[in-house]
Amino acid sequence: MATIASTEANETSGRARSRGLRSPLRAISYLQATPLLLILGFFFILPILTILVVSFWDYDFAGLYPDFLTMNYTDTLGSRVTWKTYLNTLKFTAMTWALTLVIGFWVAYFLAFHIRTTTMQMVLFLVCTVPFLTSNIIRMISWIPVLGRNGLVNSTLTELGIIPQPIEWLLYSDFAVVLALVHLNTLFMVTPIFNTLMRIDRALIEAARDCGASGWQVLWNVVLPLAKPGMAIGSIFVVTLVMADFSTVQVMSGGQSASVALMMKNQMSLLQYPAAAANAVVLLIVVLLMVAAILRVVDIRKEL
Amino acid sequence: MSKAAEIDIASVSKVYGTTTAVHAISLKISAGSYCCFLGPSGCGKTSTLRMIAGHESISSGDIRLGNVVVTDFPPAKRGTAMMFQSYALFPHLDLIDNVAFSLKMKGVEKEERRAKALEMLTLMQMEAYAARCPAQLSGGQQQRVALARALITDPEALLLDEPLSALDPFLKIRMRAELKKLQKTLGITFVHVTHSQEEAMALADLIVIMNDGRIEQAAAPRTVFEKPATAFVARFMGDHNVLSGRVTSIDGGIATLTVPEGQTFSVRDIAQEIGKPVDIGIRTDRVRLEPASERSLGFQGVVANVEYRGASVKITVVGAGSDDFTAVVSDADYFRKPVSTGDALSLSWALEDVIPLGRLSA
């Protein structure tokens, strides 16, 4: 807070000075950008630089030693476990992305095109956000009594005589992980897609119909191409969130599955900060590459 | 290119919930004519057009195109094509794909449909821009592309929803001329919705004036201007003064109406009985600035406003129950004997210039 207040003071005095001395406009623009620069500098650039620096340090069970070693990277990238973990995380990401994209698009499509009144649209949209009134952890944990060995699903199915004994893979499995990830992240897909769909001029749909397009043809040739920017933004949200997830994977797999972030968390609990930092840098690069790939496929500038 | 179709609208209504947008209108638009639907916003003209196009369901009545009743047909099966107010070009497709869209929907091969689209763009003199996206075009260019897209389906009738409203005044007049020329060359029926009487007068073979979901008058532009059917038409077409009163006497085909303020005015050929309300219209350019030869063919009022327009001068007078009775006189006549605001002024007109205005029976 102190930083912000002082920069504001700087800014006002700068403006006052500019009036008096007619200092060039450029200087004023830089001054106006200063508060944001300071905030980003302290809370974004500085931490990343710290991680980058620490990733080259040496360590043992007792402490960290400033150094310039590539050991942390060679260890990370040279280990089969890292590759397997990355593969596993990418698998979760791909599955979650595909499912949230499909579900998110249909929910957004229904909201945007099948609900007639704006009031009802807003009400239903708020209903979608209701689960977000509780924390991620609670929403995740509430799956346990539903999916557990003696949970709601299993007991219902056995009592109805549909299955002879409880299904084991409902909880503490990849299925449970993906289910929870989809549940937690679908809204991040719904929101941007809904936003783009609402901006589609309804006359375009009529024009397509006038040209003889059937319902599916309208969807495929007009709605889907125009929804791409929203889908890209939603994909960025979901991919970055899932790539960095550790709690969902840990809880829902019962510790049987690993993710990159979980690996980092374990390294940190063993005080191997430089190793975790190297891992974080690698993860950051991978995620940035994925985002770049998404942006290459879809031009989202229209949405911003 | 294609043979034009006659459009026959038979007591068509449109009801939205509890409000009726179109009240059982009937109209015949002859094949190959240019028809303009004219009226203020909310008069039902766009609803009518959209019902012809098939984008709006018809609550009751039937629409026939050529020899086919199309009431329950989807838009693309009717043989009509619509051009939307905002043109509704697909922003993600280049001009060729925009124009070729309906061919793609029909499953025409890519090469064939692109060749045909380019041909259509060439007809509209837009072939140089074929690879551009709609956002890179000006309003007039977008309109040409929209026309190309509508015409590639070889329609029997082209429906245009306020096609010129998004253009600046200069371009409006140019595109208006292009539309008229296109209609003449193609020879198909054009139905054009507008709220500009000037546009309708310039383009139409048949002007349909609508108000409150009903047709006030459907006639050729000259008839509409010279013999407006109702007070609404006279007011909406402009350049007409409307006086309202009650018939007080009828003598040898000449009726006398008395306005609430007491003045009396003569009118011929009126089909009303004594005591009934009646409106008369007098064209603003037929009003003379001189005392009337007969008391009932003029009045004396007070000048409220004088507007100089170059070749003519518009004088607004308060009197005879009207607070904007307008006389348009030539500049020479005006400057021979100028008047200014607040002056008393005698106005008069000839008996044959008094137009009896009817009322809708509904």
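Residues 86–294 of chain A are 78% helix and 0% strand. The model is predicted. An unreviewed UniProt entry annotates residues 86–294 of chain A as "domain: ABC transmembrane type-1".

Chain A meets chain B through 14 of its residues, which are in contact with 16 residues of chain B. Contact here means C-beta atoms, placed from the backbone, within 7 Å. On the chain A side, two elements give two or more residues each: helix 10 (202–210) and helix 11 (215–243). Helix 10 of chain A gives the most, with six residues. By residue class, the side of chain A that touches chain B holds eight nonpolar, two polar and four charged residues.

Chain B contains an open sheet of five strands. The strand order is 13-12-11-14-19, and the pairing is antiparallel. Strand 13 (264–268) and strand 19 (354–357) of chain B stand at the edges. Each has a single partner strand, so one side of each is left without a neighbour in the sheet. From one strand to the next, the twist averages 45 degrees.

At the strand 13 edge of the sheet, the partner is strand 12 (residues 254–258) of chain B, joined to strand 13 by five bridges. Strands 12 and 13 of chain B run antiparallel. Within chain B, B:Thr258 stands opposite B:Thr264 of strand 13.

Notes. Residues are numbered from 1 along each chain as its sequence is written. Chains are lettered from A and ligands numbered from 1 in the order in which they are written. This is a predicted model: local features need pLDDT of at least 70, side-chain atom pairs count only at pLDDT 80 or more; totals for chains, interfaces and linings use all residues. UniProt positions are given in the numbering used here, feature names are shortened, and annotations may be inferred rather than shown by experiment. Helices (H or I, at least four residues) and strands (E, at least two) are DSSP runs, numbered from the N terminus. Two strands pair if DSSP finds at least two bridges between them. Axes are lines fitted to C-alpha atoms, for helices over the stretch in contact, and angles run from 0 to 180 degrees between N-to-C directions. Two residues are in contact if their C-beta atoms, placed from the backbone, lie within 7 Å. Ala, Val, Leu, Ile, Met, Phe, Trp, Tyr, Cys and Pro count as nonpolar, Asp, Glu, Lys and Arg as charged, and the others, Gly among them, as polar.
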